[in-house]
Amino acid sequence: MNDLKKLKIKISSKKIKARVEQIGRELSKEYKGEPPFFIGVLNGSFMFLSDLIRALSIECEISFLQLKSYDGKKSTGSVDIIKDFDVILNNRHVVIVEDIIETGNTLKFLLNKLKEIPTKSIRVVTLLVKDTNRPFEFIIDHIGFEISQEFVVGYGLDFNERFRHLDSIYILE
């Protein structure tokens with residue numbers, strides 16, 4: 001595939017694995033005795049969430065939600081629900097798992113949706129946060145890595161549904 005030549009490594013699979021295991025240990029301490037409910041934001045978070053829950057030493061439950069806010073490399077500025085979660089989250093600890101937070105629009109949309117539900121707590125875990133010059137209107141509880149504004153693919157992140165299968169994170173040049 002010729003397009004693989006356009007990729008430059010940003011974060012190796014070894015660094016990703018170590019950081020995911022560290023976040024898993026931290027979450028296991030935070031939720032000891034009260035299993036959290038993880039909500040993965042599809043499609044990008046599936047690899048991160050899969051590795052993250054295997055790094056836990058506690059029980060948990062999982063559901064997925066699919067939102068769309070990008071077309072190619074550009075944010076559309078709006079968020080559409082493709083697949084809603086189908087679980088009852090009342091009186092539960094909820095952990096939202098994102099692949100990447102750039103503008104914060106998708107997560108803000110999801111947090112507003114979850115505010116309508118009487119949960120015990122809502123925490124946010126993301127693999128990547130893009131460095132922005134403005135603060136987000138929400139708290140990110142666990143961040144895997146902070147990166148600059150390059151467009152990245154791999155480890156679940158895509159460009160028009162391609163490159164998700166790669167085990168490291170790459171800059172798409």
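V152 stands opposite I171, a residue of strand 9. In this predicted model, strand 8 and strand 9 (residues 169-172) run antiparallel and are joined by 2 bridges. Elsewhere, the structure holds 11 salt bridges, among them R123 with E30, E34 with K120 and K108 with E137.

**Salt bridge R123 to E30**

- R123 and E30 meet through their side chains in a salt bridge, with an N to O distance of 2.6 Å.
- R123 belongs to strand 6 (residues 121-130) and E30 to helix 1 (residues 13-30), so this contact ties together parts that lie 93 residues apart in sequence.
- R123 has a relative accessible area of 28% and is therefore partly exposed.
- E30 is also listed as partly exposed, because its relative accessibility is 36%.

**Salt bridge E34 to K120**

- In the salt bridge between E34 and K120, the closest N and O atoms are 2.6 Å apart.
- E34 sits in the loop between helix 1 and strand 2 (37-42), while K120 sits in the loop between helix 3 (105-114) and strand 6, so the pair connects parts 86 residues apart in sequence.
- E34 is partly exposed, with a relative accessible area of 34%.
- K120 is partly exposed, and its relative accessible area is 43%.

- The side chains of K108 and E137 form a salt bridge at 3.0 Å, N to O.
- K108 is in helix 3 and E137 is in the loop between strand 6 and strand 7 (142-147), so the contact ties together parts 29 residues apart in sequence.
- K108 counts as partly exposed at 33% relative accessibility.
- E137 has a relative accessibility of 65%, which is over the 50% cut-off, so E137 counts as exposed.

Notes:
Residues are numbered from 1 along each chain as its sequence is written. This is a predicted model: local features need pLDDT of at least 70, side-chain atom pairs count only at pLDDT 80 or more; totals for chains, interfaces and linings use all residues. Side-chain values use heavy atoms; hydrogens and water are left out. A salt bridge is a side-chain nitrogen of Lys or Arg within 4 Å of a carboxyl oxygen of Asp or Glu. Helices (H or I, at least four residues) and strands (E, at least two) are DSSP runs, numbered from the N terminus. Buried means under 20% relative accessible area, exposed over 50%, partly exposed in between (1.4 Å probe, protein chains only). Two strands pair if DSSP finds at least two bridges between them.
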